[in-house]
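Please examine the structure shown below.

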There are 2 protein chains.
Amino acid sequence: MKIQELADRMGLTIHTIRYYEKEGLLDDRHVRRESNNYRNYSEEAVERLKLVKKFQSIGCSLAELKGVLQDLDNNARTNQQIIDWIRGKKKEIESKKEEYDQMLDILNKMLEYRTLLMEDPIKAQEMLKTWHAGSSD
Amino acid sequence: MKIQELADRMGLTIHTIRYYEKEGLLDDRHVRRESNNYRNYSEEAVERLKLVKKFQSIGCSLAELKGVLQDLDNNARTNQQIIDWIRGKKKEIESKKEEYDQMLDILNKMLEYRTLLMEDPIKAQEMLKTWHAGSSD
DNA sequence: GCTTGCCCTAGAGTTCACTTCATAGTTTAT
DNA sequence: ATAAACTATGAAGTGAACTCTAGGGCAAGC
């Protein structure tokens, strides 16, 4: 498949895909060149880019991703190193999820207040007071 | 309190704090100038920066944050607009959390496989096969 | 055969969120 | 009184991840 098709399928621009290749996130299992020098992508490229997007969505930098993917590809690290990396990542993600939960709490309170403000502004005022009494951070 | 003290308390650099001010995240409730032109921060500045950090940690850009904070400050938007914004943010966070959960699943599988690989490589091989049979994305 | 459209490369430009620098005024300690 | 330490400003620099441009090669339709 040619680059534009892959870009459409993945929701990326052709620039981004070429950029990823330059950054070492794709290798010859994913891209080959046709006789006219056009890039030709395999289905594996789709899977690879899905993985890239997934990791990226949880805050992996491209550099980190590159390391991980290459290590998985060619077993550059020992199994123990990989296990350690996975454990570290899991912790990161779990604490990130906690932050998100805290943020959801904040938003829920805000929403509660704002909704009440539309229905019963006086009660909303009271709500504010109880918050200010008991919130310190 | 002067800038270095605030920086220490918040775990930020003085540069970052001045930068935030320049970007409109702090106003005269948070910073005033002394006669010598030094910035003098109130306790509210601490709360404000905590809020900034919180929003930032869930992926808000400073620009978005500026809009939100200013709107909350001076009621620039209608209550309904704010409610809509909160609902939108909640959805964003919830779908982000789902992504994190998916990622945790992936990591857990990887961990399971890698652990087994150390204890019983043959079983690990079998594990790989069952995955490849049933995974498409 | 010529236009239109997709492909190539190398490199410059952009945005975000800082970070560093140059230069200078102020305060504090010795 | 002078040095060290803190403050100020404006502007330039950084790194990540794109994004765009210039200048060119191939390919498909009329």
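Which residues does Ile17(B) touch, not counting residues up to four places away in sequence? In this predicted model, the contacts of Ile17(B) under that condition are Ile3(B), Leu6(B), Ala7(B), Leu12(B), Leu26(B), Tyr41(B) and Leu49(B).

Ile17(B) also belongs to the largest nonpolar core, which has 69 residues. The members that touch the most other members are Leu6(A), Ile17(A) and Tyr41(A), together with Leu6(B), Ile17(B) and Tyr41(B). In soluble globular proteins, nonpolar side chains tend to be buried together.

From the core, attention may turn to the DNA. Around DNA strand D there are 17 residues, and the closest are Tyr20(A), Tyr38(A), Gln56(A), Arg18(B) and Arg39(B). Of the atoms of DNA strand D that come within 4 Å of the protein, 74% belong to sugar and phosphate.

In chain B, an N or O atom in the side chain of Arg39(B) lies 2.5 Å from a phosphate oxygen of DNA strand D, and for the side chain of Arg18(B) the corresponding distance is 2.7 Å. In chain A, Leu62(A) places a backbone N or O atom 3.0 Å from a phosphate oxygen of DNA strand D. Helix 2 of chain A gives the most, with 4 residues.

Notes. Residues are numbered from 1 along each chain as its sequence is written. Chains are lettered from A and ligands numbered from 1 in the order in which they are written. This is a predicted model: local features need pLDDT of at least 70, side-chain atom pairs count only at pLDDT 80 or more; totals for chains, interfaces and linings use all residues. Side-chain values use heavy atoms; hydrogens and water are left out. A residue is near a molecule or strand if one of its heavy atoms lies within 4 Å of it. A polar contact is a pair of N or O atoms within 3.5 Å; within protein, one must be able to donate a hydrogen and the other to accept it, and residues adjacent in sequence count only if both atoms are side-chain atoms. Helices (H or I, at least four residues) and strands (E, at least two) are DSSP runs, numbered from the N terminus. A nonpolar core is a set of buried Ala, Val, Leu, Ile, Met, Phe, Trp, Tyr and Cys residues joined through side-chain atoms within 4.5 Å. Buried means under 20% relative accessible area, exposed over 50%, partly exposed in between (1.4 Å probe, protein chains only). Contact means heavy atoms within 4.5 Å.
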